[in-house]
Structure formats: structure tokens, C-alpha cells
Amino acid sequence: MAATGHADTKVGHGELIEAVERALATHGRAILTGPAGAGKTEVARAVAAAAHRRRETVLRLAPEAADRPIPEASAAALLASVPRTALDRLAGPQRTAIARLRREADAPDSAPDLVALRLAVGEVLRTLAEPGPVLLVLDNAQWLDAESTDLLRFALRLTPPRVRVLAAECTQGGAPVAEPLCGPGTPTIRVPALGADEVAELLLRHGLPARLAGRIHQASGGNPRLALALGHSLAEAAAAPGAAGGPGGGAAGGGAHHADPLPVSGQAREVARRLLAEAPEQTRRTLLLAALAARPTTPLLRRAGRPDAEAELARAERAGLVTVGEDGAVAFTAGALPTALAADAGWPERAAGHAALAAAVDDPVQAVRHRALAVDTADEDLAAEITEAAAACRRRGRRDLAAELGLLAAERTPWAHPREELSRLVAAAEDAGWAGRADLARRATRAVLSRDATPAQRVRARLAVIDAAGQALAHLDETIACAVADAEGDASLRAAVQLRIAWKHNLSDGDPVRSRDAAAEAGALAQAGGDQVAEAMALTVRARMGRILGDPDAEDILARALALPTPDVPLGMRNAPQYLAVRHALFDDRLDDARGQLLALLPAVQRTGSAEDVFEVLRSLTEVELRRGNCTLGSAHARRALELTIEAGLSPGPAWYVAATAEAAGGGFARAAGYARRGIRASEEEHDQVFLSRGLYALGTVELATGDAAKAVATLRRVAALEEAQQVVDPSVLRWHGELAEALIATDAGAEAVALLDRVAPVARDLGRTTVLAALDRARGLALSARGDAQEAVARLEDTVRLFADLGLPLEQGRTLLALARVERRRRRRAPAREALRAAAEVFERAGARPWIALARDSAPEAASPHRGSAGGGAGTLTEAEARLARLVGAGASNQEAAAKLFVSVKTVEARLTRIYQKLDVRSRAQLATALRRH
């Protein structure tokens, strides 16, 4: 009898385990329910392990499906695990009954006495409970045979309260089968589905790509076993030959794309089948129709030949397979379920279902789609209808559906019409490229390349594969090289290819110089070919790279791009000059201008149906609102961006960065760090240098804010190295410089901090980056304080507070007030420090910056600093780096251990200890520990 279930209790089940423990402590009984693979077994194991640690006796029974028809099979297995000493005290008839049940060699060959057996089991449990509590774990309780259930129910009524029972059962609807065994009123705890964040954590713990988390959450419905099975299937598919250009995001804008269908095969299909097995045969037939429909509803299913659809869907809903809205809309709880249903159905059943839906739907596009899927023969009239339907979808902004229909049209085109077939295949590829459907783009392109296509058709198809690949451009060199060769002699096609090369150089290679040069070549070719849209896009890339490289002509180049007509920009608004103008306004902290333009763009991009464009606008709106000091609204935009990422299967790296910035401003530092780490992992997986820097920057700022200055230095140095490798000059694009300087000062590396500030400030001044200079001035004030120029430090910081207030940047103003309080406290000026903290708290409260409010309120002059660097009183004279070292040494760390933890040399530790001893007037480690305890 083997245990089943492979969920990870470390992810998402901590509170659930506590709830089970409370139920057992209060009632002595608990029932754990949930679908197959939800994690019941692992939760039960965790509860049993905790009981073991408390030195309780734990009995565990896990029957299998094959055991249920065998009378008393589970009871025999349970008693076989009981120590022999617990059986020796039984009376003769009871011992004989158990020997018969256990099929012992010397037992009489006859059925056991039922009454004696019931009494014997109860006596065994009482005996085991004499020295201490007993926990009986019944896993897979749904497979208990009826005789064992009856036997255990009777025996448990005779046991003392110290015998507790946890029954875990796989049931998705109706009353728990374990309730008769445990008794009425037993608390029933359902294992909830994992959230998207928990699925991401589960994948990371199992070494699976984090970038797949959103897609897997949607496909698994949060079922841990199904999520892991899908994760392994996707990882294998991504590693397979020809899988380049797989899961990724928007090429130029850093967004991502609509998800390809997940491979529901192998173990994943078996898990899906087990879930679907909860529904009766008639219900599964209705569910198959729902799986084949694009937008299933109860009325649609009734019209399609399922008159009892309401009742059948109600059964499916009780089984946890679907949800039915008030309007009758049907949604599967896990995206893998409809895929498995359709895959397991035979062609005749699927064809009949599509034919029934074709007659029932009220959308002419969907009617054509279903009619096409109901046949497998060529028909030019039908192919022409499908082509027209694809054009209608294109006009609606449904490019993903247009791509699917285009492929259907090509498949239904008779062999005697090769031109029409090729035209439909190329159109399908381009629609798929726009929609980010890499699977459809590759499928259409393979078909184009296998036919007698023109060089232009081959280029257009290959460009679609590149466009659909999103952020995963690193492995498309061969595709790009073939496109270059095919485009030879056509200026417009060469311009289009060079434009993609420019995007790749920036996103995957982290080389803005080569990106700018490729864009310049693309612009010249576009101009020669009379393609003004491509010329505008090329100028936009040049302006974007120019801003990064500190080119003073970048704004003029952007103005030239804005002057050109761009009615329909390939790959969406995120690559248009209008959107880059918004980003430049954000970089310059012209926040009202940026906000107004973004609010005008949002409905426009929503109409196009491009999830990438909508994400990009929401990302920028988040950044604008956070800098304006509206953390509530900024966090709302970030949540929408993250939800869109999950729903549309977008690459999570950019969304997790956005979520990290929102949490760091208005949510919680711990969640911000979690999002940042996931974003870093996803960007590393996709070789996305742009958002790798941003994820590290988000993490470094959180580490600095929470007092882990040594870690912040290490993290922000990685940002500095990446930005240097990418030749970034303009400090307004990613403002890590002041953060790194503050972290260096906090770790007693003031000279390095000042050198950094001296290097960046002239660049910012020459480029007119006023707000960047203000952030550098905050760090400069802390550096002045660290070297003893307290009065000058206070003056610098007070000026910076006023400047940030004038610029309308409240979070920066509040942070500068915290720095001012820290400097005043170091001067032992308690009243000014208290006033600065009060002012900071007021600024943060108005902005809704909850984690920063907590820092300001917790940072009384007598307590630790906002970066938790001082120990109060006499220890308050220590710098933050000195305070960290003092705590380590006072706790018993050697110089070598302290050096390793603080990422400094032993010589630095020795020099700091000398200063600490002088400041605290102590002469030994023992005196240091005493002084720290006193303060």
C-alpha cells in the first residue's frame, strides 16, 4: 500500500498545516480533502513528522484503489504495523481474532470473530496511547474497504482522547467519505489550489524554469502535481531540437507574448485524466463540447445537443472541474483539462462536436471555425470563408485567432491552388508573430519553407518566427542569417531584418552600440525602399539606444521619428516613437506629461488586443504613479500587469520586476524581494540583459532599505557590471548609482562611494538630469556624515529634501528625511532627528508607502536606524557597518567568520573593531558583548 502525491509542502501549505494541527488539538479528528495531486499526502506527512518530533506514536495507513474490494485489507495492513508488544496484552479471543486477520501461520483457518476483532483494535489503540499521544494518519481514505471502515469506526469510539485521527481523502464533490469514520462534526479542511506565486516557487524548488510559471499556473489550476508534471513536459519541449524561440516576451519592449498551448502528455495527461475521472460519462460528454467551444456557455451547450447541460455542469462544478458564472459562462478550473478532453476524444467524436457547435454559435467567425474543424477534406469555398473570417479577426485585434484560422484555411485549400495556400500560410505566420504565438508561427513557417515560396515569402515567414520568439532571441541566429540571405536585393525586406537584428543586439546581447548601428542601417534601407513605417521604427530604436548611450542628439532623432506617419506599427505600440516619447518623459520625471499620454494610449492598446502593448502601458503607469507618490494606484496597475502576465501566458520577468517595485513602495519589503528574485531568475533563463539589470536593482534597493547593506553592495555591483557591459551612460534610465553609493557608505567603503559619485555627477549634470543629481546629493550627504563633516552633511540633506519636494517626488523626499534623521542621531541631536522622522512618516503616509511608514515609525532616536545600523545609546555613535560587525563579534563570531558574512577582508574587520572598541570604550570581546547588551 503505497502513498501517493508529490506536492511540495514547503510551498503554499504552511498555514494549512497549522489549521490541521489546530483541528487535531481541538477536536482530536480532522479530515483533509482535495483533488488528486493537491498535496494532501505531503500535508499529512508534515503533520505526522511534527508528531514524531514530539515523540508521539504515529500509525500510518495508505490504501490503494486495488485494496478497496478486499474485505478488511486496510485493517490488516494497519495492524501489521503495530508493535508486537501492543498485542501481547490482549485477551485470548482478541489475540486470536487479530492473528486470523493478519493471516499468521499459527492462526486458526477461519474468519475472525467480528466482535472480538473490534474490541481488539480498540484495546490496541488504548495500549499505544498509555505512554503518550497517538496520531493515526489515514491517507487515501477513499480507498478504505467497507469492512475496515466499519471496524475502525467502532474501535475509535472506544479510544481515549489521546488517540487522534487525520483522514486525507481524494474527493471533489459531495460529503467526505471519511466523515462516518471520524464522526459527525469533524472539521473538514480542503487543500486549496496554489496561487501563481506559489507555483513559481514550486517550480524553482524543483529546478524548473521560472519563466513558465504563469502558463503552468493557468494550465494546472494551482494543482501541485499537475503543475510539476506540466513543468517537466514544458522543460523537455523547450530543450528539444527546434525549440528555439519558445516561451519569451516582446522583442523590443521587454514585454512577453500569448502562451502557446502546453504539451499535456505523459504524466500530465494521467493527472488530468484522474481529475476528469470524478465526472460521470454523460458529464464528460458535455465537458468535451465545452472544451471544443471558444466561449462555452450553458445555453450554447444546450443548443449544441446537451439538454441537461445545467445538471451535468453542476456535477462537474461539484467535482472541481469547472466554474459556471451567473451568466452561464463555463470556465475550466485548469487549462490542461480541456486539452486532455479533446486529445482523448476520437476524431469522429470531435468532428461531431464541432458540427453541433457550428450550428449553435451565434458568432459567424466561430461558426466558420467549427465547420472547418468538423471536416478534414480540402474545399476552396470553405478555405475562402475561413480566410475572410481570419481577416475579420485581424480587424478585431484577435491576431492569435486569425493565425489559427489562417492555418486552417491553408489546410483546407486544394492542392490545385498553391498560390492561395502560400498566401494564407504567410498571413498566418505574420498573425502568429504579432500575437506572440511561437507554436503557430513555427508551424506556418515550416509549411512555407517546404513549398515553392518566393524569397519575400520566406523572409516574411522567418520574421514572424523572430517576432513570436519575444525575449528568447538568443538562439535565433540561424533564422536571422537565413532571413538576411533571402532579403538580398530588396531594400524594404533588408530593413525589416536589420530592425530585428537591432532589437536582438539590445535585448539579448546587451550591446546598444551595435543595436544603434543596425537601426541606422535599417533606417537607410527603409528610406531607400520608401517604407516610412519601418523608417520611423528604426529611428525609434536609434533614439532609444542614443538615450542609453548619452547621445545628446537622441531627442532630435526621436522628433524625426514622431514626424513620420505610423498608422500600424509592426509588433505594436511598444515599438512606436509615441511610446518611447512617454518613456523619455518618465526618465526626465515629467510625470504629469507621461501620465496623460499613457492614459490616452491605454484604451488604444486595449483595442488592438496586444497583451504586450497593454502590459507595457501598465508598466509605465506603475512607475509614473509610484514616483508621483500614489502608491495605491501604482500598486493597482502593477497587479493588473501581473494578472495580465498570468492570463495571457506572458514571460514573468518584466512583470515580477514591476511587482517588486510596487511592493517595495507600497506593499512589503519581503514580498518585493521575493518578486525581484523570481524576476532575476526568469531574465537569466531568457538571456534578457535589460530586465536582469532591473530585477537586480529592485532587489538591491530592498536589501539596502532593510539594513542588509553588504548584500545590497554585492547585488548593486552586479547591476553596475551589467550596465557597464551594456555601455549605459545616461544615469536616468536605471538609477542605481545613488543606491550603490549609500550601500557602500553603510559598509564603511566611503572612499569608493565618493569616487562613484564623482564619476557619475558630471555626466548627470551635462545631460541635465536634475533628479538624478538630487539622489546623488543624498548619498553625498551620508558620505559627508561618515567622514565627520556633520554640519555640512545636514545642510546638504536639508537642501535635497526641499529639492525633492519641489520636484514632486515624495518617496525620494521621505527617504532623504530618513537619511537626515540618521545623520542627526549620529550627532546625538535627538530633537532634530525626531522631527525628521516625523516629517518622513507624514510624507510616506500621504503617499501610501506602507513599508517606509514602518521604517520611519520604528526609527526612534533611541532605537535602531532605518537601516538598523546603530544599537542605541553609546552604540549609536557607531556607523551602520560598525554596528553590524559589533553584533556579529558580540555574538561570538571570529574575525574570519565576520569577514565572510560581511563580504569584507579580515584586515577591514580588524580595523573596524579597533574603532568600535575606541567608541564604546571597551577592550575585549567580552566587554563588547556586555556593552551591546546594556545598550
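Let's start with helix 33 and helix 35. Helix 33 covers residues 652-666, and helix 35 covers residues 689-705. Their axes come within 9 Å and cross at roughly 20°. Angles under 35 degrees count as roughly parallel. So helix 33 and helix 35 are roughly parallel to each other. Their crossing is left-handed.

Which residues of helix 33 and helix 35 make the contact? From helix 33, we have P654, Y657, A660 and A664. From helix 35, we have F691, R694, G695, A698 and V702. Sort this contact by class, and you get seven nonpolar residues, one polar and one charged.

One caution before I go on. This is a predicted model. Please keep that in mind for everything I show.

Now the overall picture. The protein chain has 935 residues, and buried residues make up 60% of them. Its secondary structure comes to 47 helices and seven strands. Next, contacts in the chain with a separation of 6 or more. Of these, 68% are between residues 24 or more positions apart.

On to a second helix pair. General point first: two packed helices are described by the angle between their axes and the distance between the axes. Here the pair is helix 21, residues 418-435, and helix 23, residues 455-469. The angle is about 25°, and the axes are 7 Å apart. That makes helix 21 roughly parallel to helix 23. Helix 21 passes helix 23 in a left-handed crossing.

Who touches whom? Helix 21 contributes L422, S423, V426, A429, E430, A432 and G433. Helix 23 contributes Q457, R460, A461, A464, D467 and A468. By class, that contact has seven nonpolar residues, three polar and three charged.

Let's move to the strands. Look at strand 3, residues 134-138. Are its residues buried or exposed? Five of its five residues are buried, so the strand is mostly covered, with buried meaning under 20% relative accessible area. The cover is on both faces. On one side sit V134, L136 and L138. On the other sit L135 and V137. Every one of those residues is buried.

What does strand 3 pair with? Take strand 2, residues 57-61. Five bridges join strand 2 to strand 3, and the two run parallel. One place to look is L61, whose bridge partner in strand 3 is L138. Then take strand 4, residues 163-170. Five bridges join strand 3 to strand 4, and these two also run parallel. Here, L135 has R164 of strand 4 as its bridge partner.

Back to helices, and to helix 10, residues 213-220. Helix 10 is mostly covered, with seven of its eight residues buried. The buried ones are A213, G214, R215, I216, H217, A219 and S220. What follows helix 10? The next residue is G221, and its phi is positive, near 65°.

Now helix 29, residues 577-587. Helix 29 is mostly covered too: 10 of its 11 residues are buried. Here are the buried residues: P577, Y579, L580, A581, V582, R583, H584, A585, L586 and F587. What covers them? The cover includes helix 27 (532-549), helix 28 (554-563), helix 30 and helix 31 (611-628).

Helix 29 is followed by D589. Find D589 in the loop between helix 29 and helix 30, the latter spanning 591-608. Its phi is near 60°, a positive value in a residue other than glycine. Is D589 buried or exposed? At 12% relative accessibility, D589 counts as buried.

D748 lies in the loop between helix 37 (737-746) and helix 38 (750-767). Phi of D748 is near 70°, again a positive value in a residue other than glycine. How does D748 count by accessibility? At 29% relative accessibility, D748 counts as partly exposed.

Let me close with a few stops for your own viewing. Start at the left-handed crossing of helix 33 and helix 35. Go on to strand 3, with both faces covered. Thanks, that's all from me.

Conventions: Residues numbered from 1 in each chain as written. Predicted model: local features only at pLDDT ≥ 70, side-chain atom pairs only at ≥ 80, totals over all residues. Heavy atoms only, no water. Axes fitted to C-alpha atoms, helices over the stretch in contact; angles between N-to-C directions. Helix = DSSP H or I, 4+ residues; strand = E, 2+ residues; numbered from the N terminus. Parallel < 35°, antiparallel > 145°, perpendicular 65-115°, else oblique. Left-handed = near helix turned anticlockwise from the far one by under 90°. Contact = heavy atoms within 4.5 Å. Nonpolar A, V, L, I, M, F, W, Y, C, P; charged D, E, K, R; others polar. Buried < 20%, exposed > 50% of the residue type's maximum accessible area, 1.4 Å probe, protein only. Pairing = 2+ DSSP bridges.
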